[in-house]
Amino acid sequence: MFAEFDLHVPQDLDAALTVLAGSDRQGAIMPLAGGTNMIVDLRARSVAPAALVSIGKLSGIRGISIGGGRVVMGGCTTVSDMLRHPELGAVAPSLVESARVFAGQMVRNTATVAGNICSGSPAADLVPPLLALDAHVTLASISGSRTLALASFYKGYKHMERRPDELLTELSWPLPVQNATNVFYKLARRKGDAITVVGVAVAMAVKDGKCLAPRIALGSVAPVVKRAIAAEQELDGQILTRSRIDAAARTAVEEVSPIDDIRASADYRSHCVHVLTRRLLTHAWERLACGGSQS
Ligand SMILES: Cc1cc2nc3c(=O)[nH]c(=O)nc-3n(C[C@H](O)[C@H](O)[C@H](O)COP(=O)(O)OP(=O)(O)OC[C@H]3O[C@@H](n4cnc5c(N)ncnc54)[C@H](O)[C@@H]3O)c2cc1C
């Protein structure tokens with residue numbers, strides 16, 4: 001059923017990075033975290049690594065800490081870890097919502113945040129909220145580590161800013177400022193265990209009655225999960241009226257390039273980008289108690 005591969009089970013991060021450093025080409029030696037994508041890919045023979053490096057049990061790269069103005073999350077943090085964390089829901093409700101509608105219980109118990117990001121799927125549910133929260137990712141190799149914005153991590157369909165010798169060890173993002181919120185909605189054919197048809201995350205703050213630093217991140221409607229930058233720019237620094245929100249949601253549609261597939265047509269996806277973006281922007285704005293202005 002599987003092509004043959006070696007399995008390395010290193011005891012610590014340095015040992016894992018040392019094994020990965022021996023990778024002479026993309027995909028020759030691959031990290032194995034929860035395995036929920038990897039096992040499917042191995043079975044389908046869409047990947048054929050010579051070796052896997054098991055990282056799911058490594059200490060030091062799993063867990064969530066909140067303090068010093070930031071949320072820091074280890075790459076091997078599972079979806080269930082997010083749901084069990086007592087404070088995460090208060091500072092990142094969009095991320096916790098995406099965890100809540102993620103797969104089924106068994107997959108949530110083992111699927112990791114780094115595996116979700118590094119699978120490179122445009123339907124990866126944790127990515128829209130993380131993009132909207134301005135998350136950064138830390139990539140480590142035996143020669144050191146570097147941190148970059150998640151917004152610059154994806155280069156194209158399943159093509160990422162990650163060298164074969166690097167592990168995604170950590171994510172972090174700033175705690176929301178006062179009077180800010182973030183929300184997520186996953187449209188899928190079933191409530192649970194279904195691949196996303198359209199995923200939308202929105203974040204914003206309101207100061208002096210105006211929208212500040214709006215973020216709109218869209219999943220399953222382009223080769224990569226992406227932000228609708230032009231739509232965000234239309235809203236930044238503005239009082240959000242109904243017509244302004246609707247115009248920005250239409251601009252978001254211009255920024256995506258959905259495809260027809262077994263789950264939905266491109267036209268339906270575009271329609272849902274408009275409707276869901278408008279709905280989430282309205283919801284966020286009204287939640288911040290500034291929704292009185294209408295035009
Ligand atoms: C039944 C089922 C339901 C699912 N439902 C959903 C869903 O609702 N939403 C959703 O978004 N996804 C879903 N998935 C996909 C999958 O569960 C997620 O993408 C998951 O987060 C992958 O994490 P993992 O730890 O299992 O990764 P793995 O399968 O171990 O790895 C995935 C990829 O990431 C790489 N990788 C893993 N960790 C690292 C790291 N630290 N650094 C660098 N590269 C790394 C691996 O080499 C591999 O290429 C589902 C899968 C199944 C089988």
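**Exercise 1.** Work out which helices and strands each supply at least two residues of the shell around the ligand.

*Solution.* Helices (H or I, at least four residues) and strands (E, at least two) are DSSP runs, numbered from the N terminus.

Step 1: go through the elements. Those with at least two shell residues each are β2 (29-32), α2 (38-44), α6 (105-110), α7 (113-118) and β10 (167-174). With four residues, α7 gives the most.

A word on the model before you go on: it is predicted, so to speak of local features pLDDT must be at least 70, side-chain atom pairs count only at pLDDT 80 or more, and totals for chains, interfaces and linings use all residues. Numbering starts from 1 along each chain as its sequence is written.

**Exercise 2.** Find which residues come nearest to the ligand, and sort the shell by class.

*Solution.* Step 1: among 28 residues around the ligand, A33, G34, A103, G115 and N116 come nearest.

Step 1: the shell holds 16 nonpolar, ten polar and two charged residues. Here Ala, Val, Leu, Ile, Met, Phe, Trp, Tyr, Cys and Pro count as nonpolar, Asp, Glu, Lys and Arg as charged, and the others, Gly among them, as polar.

**Exercise 3.** Describe how domain 1 meets domain 2.

*Solution.* Step 1: an automatic or database domain assignment sets the bounds, giving domain 1 (6-54), domain 2 (64-174) and domain 3 (184-287).

Step 1: 15 residues from domain 1 and 15 residues from domain 2 take part in the contact, counted where C-beta atoms, placed from the backbone, lie within 7 Å.

Step 2: on the domain 1 side, helix α1 (residues 13-21) gives the most, with five residues.

How values were computed. Two residues are in contact if their C-beta atoms, placed from the backbone, lie within 7 Å. A residue is near a molecule or strand if its C-beta atom, placed from the backbone, lies within 6 Å of it.
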